[in-house]
Amino acid sequence: MQELERQLEVAPESSEVARARRWARAQIGRGRPCLACPDATPGDTVVLLVSELVTNAVVHTGRPALLRLAVRSPEASRAERGCAGAPVRLEVVDGSAVAPLPRQATHCDTGGRGLELIEILAARWGWQREGDGKRVWCELDCSPSRQPPDGASWVGRRVPARY
């Protein structure tokens with residue numbers, strides 16, 4: 001059972017990335033589920049992931065996209081996966097069949113880190129073909145087990161992709 005499910009149509013323009021971030025922050029503020037993700041301000045991780053997913057769709061496809069945000073109820077999450085928090089699922093559906101391709105950005109590159117950030121911050125992510133296009137998705141498991149050890153912060157630290 002979804003407790004919160006919303007979607008936003010995104011035009012193929014760079015200004016849409018900022019609009020998607022504002023929209024995601026507003027949706028998170030309306031939701032009652034716990035969004036205590038592993039950062040100092042609840043929801044910042046969700047907003048960052050929205051930014052990366054939408055940027056990839058806008059920059060690499062040049063086509064309209066659909067952003068979806070779904071938050072499972074904590075009760076359903078505990079029953080299904082033993083999760084103490086409410087998992088958040090983000091999806092971007094676009095009209096391009098080109099698969100997302102992770103890059104190895106160098107320290108001089110100004111881009112190319114989006115999928116790496118998604119890999120680090122999300123509990124799970126992937127993509128699948130959908131009609132003539134694709135769906136790129138990621139999930140955050142906002143359970144206490146995702147908190148950094150000893151009250152430390154993930155910010156500025158290189159963490160393993162799967163932990």
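View 1. For R68, the bridge partner in β3 is E91. Strands are DSSP runs of E with at least two residues, helices are runs of H or I with at least four residues, and both are numbered from the N terminus. Six of the seven residues of β3 are buried, so this strand is largely enclosed by the rest of the structure. Buried means under 20% relative accessible area, exposed means over 50%, and partly exposed is what lies in between (1.4 Å probe, protein chains only).

**View 2. L90 and the largest nonpolar core.** This core holds 32 residues, and V54, L67 and L90 have the most contacts inside it. A nonpolar core is a set of buried Ala, Val, Leu, Ile, Met, Phe, Trp, Tyr and Cys residues joined through side-chain atoms within 4.5 Å. Elements giving two or more residues to the core include β1 (2-10), α1 (15-30), α2 (44-61) and β3 (88-94). The largest share, eight residues, comes from α2. Zoom in on L90 and, leaving aside neighbours within four places in sequence, you'll find this residue in contact with V46, L49, V50, L53, R68, L69, V136, W137 and C138. Contact here means heavy atoms within 4.5 Å. In soluble globular proteins, nonpolar side chains tend to be buried together.

**View 3. Helix α2 against helix α4.** These two helices pack at an angle of about 145°, with their axes 9 Å apart. On the α2 side the contact is made by T45, L48, L49, E52, L53 and N56, and on the α4 side by G114, L115, L117, I118 and L121. The axes are lines fitted to C-alpha atoms over the stretch in contact, with angles running from 0 to 180 degrees between N-to-C directions. As for what's tucked away in α4, the buried residues are G114, L115, I118, I120 and L121. Their cover includes α2, β4 (124-130) and β5.

**View 4. E116, partly exposed on α4.** E116 sits in helix α4 and has 32% relative accessibility, so this residue counts as partly exposed. P102 is 14 residues away from E116 in sequence, yet the two are 6.8 Å apart in space, C-alpha to C-alpha.

**View 5. Q27, a buried residue of α1.** Here's Q27, in helix α1, which is buried with a relative accessible area of 4%. Not counting residues up to four places away in sequence, Q27 touches L4, R6 and L69.

**View 6. Stepping back to the whole chain.** The protein has four helices and five strands, and along the sequence they follow the pattern β-α-α-β-α-β-α-β-β. Of the 163 residues, 45% are buried.

**Notes.** Residues are numbered from 1 along each chain as its sequence is written. Because the model is predicted, local features need pLDDT of at least 70 and side-chain atom pairs count only at pLDDT 80 or more, while totals for chains, interfaces and linings use all residues, and side-chain values use heavy atoms, with hydrogens and water left out.

Note on methods: Pairing = 2+ DSSP bridges.
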